[in-house]
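Work through the following exercises on the structure shown below. Each task is followed by its solution.

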Amino acid sequence: FNKMLNLNYLLKIYRYTAFINVIMFFVQNIVFELFGYRIVGILTFLPITNIGGSEFDVMEWSENAQIVERSSGFFSEPAHFVQFLFPLLVLELFYVSTKKSYIRSLIYVFVLLMLSSGNALVGLIVVVIFFMAYILKRIRPVLAVIIISLFSLFLFSSFHYFLNTEFGEKLLERQTEMSGEVDNTSGFIRIFRGYYVWDSMNTSEKIFGLNSTYRIDETIKKSYVAFMFGENERYFNSFQNIIIQTGLIGLILFGLFIVELWRYNNLAGRCCVTIYIALSLIASIYFSYTMLLYFIVASLLQKENSKNNAYKSLL
């Protein structure tokens with residue numbers, strides 16, 4: 001499948017898809033400000049039981065989605081929209097790198113901040129670090145120091161201003177969920193809960209993993225956080241999924257794959273890989289469409305970088 005893809009064509013389709021979602025996102029916010037409810041982006045007449053399982057009530061979900069605090073375009077929740085946007089932001093900043101792509105990047109960053117998601121905050125920190133490395137690589141050191149200093153000052157001022165807005169306050173409120181205290185907040189469930197299940201596994205299980213849903217369910221039942229799991233629920237972030245399902249051996253094998261994807265890649269490809277790793281610590285994107293998107297983009301960028309290096313060696 002990867003061999004059949006063309007990076008520039010993928011980027012073109014990616015932009016169109018993102019544009020439609022961004023427009024929908026702003027329409028949802030405008031309608032909410034004017035009328036007090038949000039337009040539901042999910043097409044509820046399609047089979048969407050993957051959102052909440054086989055007993056998922058689409059009508060009830062649709063009614064609740066109209067009064068939620070945050071819009072999410074055509075995605076079921078803001079975090080999914082955030083995860084979708086990051087590879088495109090990376091491509092625009094580090095691969096395309098034109099004036100138009102920088103303008104589009106500013107729009108994407110603005111949307112990411114408005115989504116008020118912890119995923120957005122984590123991913124943007126990675127992007128900023130890579131952007132500074134990008135500046136240092138392209139211009140003279142003295143000029144780079146001046147630009148980075150001014151950029152840091154601008155970033156700090158913008159972030160301080162943003163935190164005092166309505167969206168900034170919502171984002172700060174969500175960060176309080178990441179204290180690590182055992183409770184039923186979204187932050188604890190996404191980041192910490194799975195480690196209590198890991199702690200309940202014996203040495204052999206930690207090495208080889210729990211290779212069946214039955215064994216995972218049994219381990220959840222004997223863990224300290226068993227009361228926090230619903231019936232047939234097995235939500236873990238990506239890192240926890242790897243160590244619980246496949247053990248330390250699986251983690252090593254997955255790590256080797258990540259290293260191979262990192263090697264001979266360019267800055268954009270490595271930024272995609274790093275964002276995926278960072279999001280894996282707070283989101284369940286293991287063996288998901290999101291994981292496929294990040295790895296396809298990183299792989300295509302690696303292939304593009306190899307072609308460029310081979311061409312340069314012939315000159």
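Helices (H or I, at least four residues) and strands (E, at least two) are DSSP runs, numbered from the N terminus. The model is predicted, so local features need pLDDT of at least 70, side-chain atom pairs count only at pLDDT 80 or more, and totals for chains, interfaces and linings use all residues. Residues are numbered from 1 along each chain as its sequence is written, and side-chain values use heavy atoms, with hydrogens and water left out.

**Exercise 1.** State how many helices and strands the chain has, and what share of its residues is buried.

Solution. The chain has 15 helices and zero strands. Buried means under 20% relative accessible area, exposed over 50%, partly exposed in between (1.4 Å probe, protein chains only). Buried residues make up 41% of the 315 residues.

**Exercise 2.** Classify the aromatic pair of phenylalanine 254 and phenylalanine 257.

Solution. Rings of Phe, Tyr and Trp (its six-membered ring) pair if their centres lie within 6.5 Å; planes under 30 degrees apart count as stacked, over 60 as edge-to-face and the rest as tilted. The structure holds 21 such pairs. One of them joins phenylalanine 188 and tyrosine 196, tilted, with 5.9 Å centre to centre and 45° between the planes. For phenylalanine 254 and phenylalanine 257 the centres are 6.3 Å apart and the planes 45°, again a tilted pair. Both residues lie in helix α13 (residues 247-262), three residues apart, about one turn of the helix. Phenylalanine 254 counts as buried at 15% relative accessibility, whereas phenylalanine 257 is partly exposed at 39%.
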